[in-house]
Amino acid sequence: MLTRRSAVTGGAAALGLVPARLKAQAPAAPIRIGVLEDMSGVFSDLGGPSTVVAAQMAVEDFGGSVLGRKIEILGGDHQNKPDIGVSIAREWYDVQQVSLITGLTNSAVALGVQKLTADKGRINIVQNAATDALIEGSCSPNGIVWNWIARSIVKSTVEQTIRSGGRSWYFIVSDYAGGRVMEDEAAPVIKAAGGAVIGVTRPPVGQPDFASYLLSAQSSGAQILGVVTYGQDFANLLKQAVEFGVTPGMRLIAPFVFHSDLRAVGPTAVQGMIVAAPFYWDLNPETRAWSARFRQRTKRAPDVGHAGTYNAVTHYLKSVRAAGTVETEPALAAMRATAIDDMSTKSGRIRRDGMVEREIFLFEGKRPGESKDPWDLLRQIGTVPRAEAFPIPADPKCALLRS
């Protein structure tokens, strides 16, 4: 029943005249973080719903709130389509008042969302996408690239392979932006070291049959087969390479690879492969402890983007607390001023172009008999210092580095 008291209160609210004592009773709006991922497609294993779990773990470990406000995680499926990704991000920013979007596996989606984020004055943290454009021509004061870019991973992997005797290369490269970027970055490094790229084929994303591409590689006479593809495509290609007998004559190298992809093909295909990454579940006691918790919840070991999301969300929340506000500019300033120290990164920092500078670790695939479980596939063989992994360009394409 509508009483006179409730009618008066309602009328006052409509006029914006709610007494201060009633306003104080209203709970503060939650701080919302969006995880925008491929939840159902070819990249859903290396990102997908498990990325949402990683973000939720970060919030739980942080205590569930900051500055007296509850923290909420939203999940969205960009379906590897930039228009869908940007549409979801726009709704999150405009309607849900999301302050940060992370995840963003898929370079084209990440580029679209990064532009929108700058326009809306929010923050995005890219996890698995690796196009150099994110910190070059399309760099943004509001965008952060947490894990890697193509150049850092390709340079580390290719140089290690060449040191072990791999001079002639053949590439099978997925025909999309991320694959082409890898090819473009690898070729100059190989040439500078006195090697050569003998041939390249570019299958479309979602190609189930790689027989013709593998036969072309095998007949080229190259020592190294550089594989630049991801998700289910990567698994299909490597399984077929073993099946067709390509691997005994050619050493398989994946300049950019995810642990879920390695798990899908198994130790027979992975043995001897050189891999560069900023995270591995078995890297140290801290990564093992967190990975065990993650594995209990997801029934799988974490990949680079899962760990990166946990670490990035934690760093963001610490910075919001330090800034005393969720407003973008102070939060970003605190994120850049605060060293990144987490389970896999020590004394990392966010550069002006948005790149997180950190060490990159080099791994080699174990022999089948050395693996203790299906996720135990790599051993660390080296570390690339952050100045070498992420050098500041002499002639930067990012305007933020030129200012």
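## Thr161 in helix H6

Thr161 sits in helix H6, which covers residues 150–163. Helices (H or I, at least four residues) and strands (E, at least two) are DSSP runs, numbered from the N terminus. This is a predicted model, in which local features need pLDDT of at least 70, side-chain atom pairs count only at pLDDT 80 or more, and totals for chains, interfaces and linings use all residues. Residues are numbered from 1 along each chain as its sequence is written, and side-chain values use heavy atoms, with hydrogens and water left out.

Thr161 has a relative accessibility of 0% and therefore counts as buried. Buried means under 20% relative accessible area, exposed means over 50%, and partly exposed lies in between (1.4 Å probe, protein chains only). Apart from neighbours within four places in sequence, Thr161 is in contact with Gly166, Trp169, Ile224, Ile253 and Ile274. Contact means heavy atoms within 4.5 Å.

## Ala196 in strand S8

Ala196 belongs to strand S8, residues 196–201. With a relative accessible area of 37%, Ala196 is partly exposed. Not counting residues up to four places away in sequence, Ala196 touches Arg167, Ser168, Trp169 and Ile190. Trp169 is also among the contacts of Thr161.

Ala196 and Ala264 are 68 residues apart in sequence, and their C-alpha atoms are 30 Å apart in space.

## The disulfide

The structure holds one disulfide, that is, a pair of cysteine sulfur atoms within 2.5 Å. The bond joins Cys139 to Cys398, with an S to S distance of 2.1 Å. The pair links distant parts of the chain, 259 residues apart. Cys139 is in the loop between strand S5 (123–126) and strand S6 (143–145), while Cys398 is in the loop between helix H15 (386–389) and helix H16 (399–402).

The torsion about the S-S bond of Cys139 and Cys398 is about 90°, so the disulfide is right-handed. Cys139 counts as buried at 17% relative accessibility, and Cys398 is buried with a relative accessible area of 1%.

## Gln114 in helix H5

Gln114 is placed in helix H5, residues 107–120. At 2% relative accessibility, Gln114 counts as buried. Leaving aside neighbours within four places in sequence, the contacts of Gln114 include Cys139, along with Ser138 and Ser140. Others among the contacts of Gln114 are Asn124, Val126, Leu134, Gly143 and Ile144.

## Helix H12 and its partners

The axes of helix H3 (residues 48–62) and helix H12 (residues 285–298) come within 11 Å and cross at roughly 125°. H3 is therefore oblique to H12. Axes are lines fitted to C-alpha atoms, for helices over the stretch in contact, and angles run from 0 to 180 degrees between N-to-C directions. Angles under 35 degrees count as roughly parallel, over 145 as roughly antiparallel, 65 to 115 as roughly perpendicular and the rest as oblique. In this contact, Ser50, Val53, Ala54, Gln56, Met57, Glu60 and Asp61 of H3 meet Trp290, Arg293, Phe294, Arg297 and Thr298 of H12. These residues divide into five nonpolar, three polar and four charged. Here Ala, Val, Leu, Ile, Met, Phe, Trp, Tyr, Cys and Pro count as nonpolar, Asp, Glu, Lys and Arg as charged, and the others, Gly among them, as polar.

H12 also packs with helix H13 (residues 304–323), at an angle of about 105° and with the axes 12 Å apart. H12 is therefore roughly perpendicular to H13. Trp290, Arg293 and Phe294 of H12 make this contact with His306, Ala307 and Tyr310 of H13. The residues of the contact divide into four nonpolar, one polar and one charged.
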